[in-house]
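Subject: The structure you asked about

Hi there,

Here is the structure, handed over as promised. Have a look at it first, and then read on for what turned up.

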Amino acid sequence: MIAFELNGEKVTWEGDPNMPLLWYVRDELNLTGSKFGCGVAMCGACTMHLNGAPIRSCSTPIAAANGGSITTIEGLTSEASKAIQTAWQKLDVVQCGYCQSGQVMSATALLEKNKSPSNEDIDMAMQGNVCRCATYQRIRAAIHEAADSLAKEVS
């Protein structure tokens, strides 16, 4: 049996331990915010956090979550995640929106570890998240906006 915490709730799975985490979350728990994109960890649409670090859930077996903590877009509650979501709306980042949950997950993980990222830090953290609408400049601006917002709250 595989047991872990998902968005703060304990969950268990007794099926195939090699099943991708994304399928468990989407199909078994009906949490559909994380998207299926490429299926080979190249686009980032399926990004979730495992113990606070972004992972590609389409290629991560559910067994990797055993004993850990998974956060999906539905479970984001940190100050960084709120600042990211507010900045996303303020700067109208989204076009088609398909990749955005993965983008928000990676951006949140970045700001939770680096409160004042440079353009290079952002590009490095976001390089595995592909946006077919090419909103990269708006994504970078929104991450800076969120970082500035968090800095103002502290001071």
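W13 counts as buried because its relative accessibility is 15%; buried means under 20% relative accessible area, exposed over 50%, and partly exposed in between, with a 1.4 Å probe and protein chains only. Please keep in mind that this is a predicted model, where local features need pLDDT of at least 70 and side-chain atom pairs count only at pLDDT 80 or more, while totals for chains, interfaces and linings use all residues. Residues are numbered from 1 along each chain as its sequence is written, and side-chain values use heavy atoms, with hydrogens and water left out.

Back to W13, which has a partner. Its ring and that of Y24 have centres 5.3 Å apart and planes at 65 degrees, so this pair is edge-to-face. (Rings of Phe, Tyr and Trp, the last by its six-membered ring, pair if their centres lie within 6.5 Å; planes under 30 degrees apart are stacked, over 60 edge-to-face, and the rest tilted.) The pair links distant parts of the chain, since W13 is in strand β2 (residues 9-13) and Y24, 11 residues apart from it, is in helix α1 (residues 21-28). Helices (H or I, at least four residues) and strands (E, at least two) are DSSP runs, numbered from the N terminus. Y24 is also buried, with a relative accessible area of 3%.

Next, the cores. A nonpolar core is a set of buried Ala, Val, Leu, Ile, Met, Phe, Trp, Tyr and Cys residues joined through side-chain atoms within 4.5 Å. The largest one has 20 residues, and I84, W88, L111 and I143 have the most contacts inside it. Two or more residues each come from α2 (79-90), α3, α4 (119-126) and α5 (136-154), with α5 giving the largest share, 6 residues. A second, separate core of 18 residues includes F4, M19, V25 and I62.

Which residues does Q100 touch, leaving aside those up to four places away in sequence? They are W88, V93, V94, C131, T135 and I139, where contact means heavy atoms within 4.5 Å. Q100 is in helix α3 (residues 100-113) and counts as buried because its relative accessibility is 7%.

The largest has a volume of about 180 Å³, and its lining includes C38, C43, C96, C99 and C131, along with R132. On a 1 Å grid over the protein atoms alone, a pocket is an open set of points where a 1.4 Å probe fits, with protein on both sides within 12 Å along at least five of seven lines, and lining residues have an atom within 4 Å of a point. Grid points are joined across faces, edges and corners, and the volume is the space filled by probe spheres set on them.

Finally, two backbone details. N30, although not a glycine, has a positive phi of about 60 degrees; it lies in the loop between α1 and β3 (47-50) and is exposed, with a relative accessible area of 59%. N51 also has a positive phi, near 55 degrees, and sits in the loop between β3 and β4 (53-56).

Best wishes
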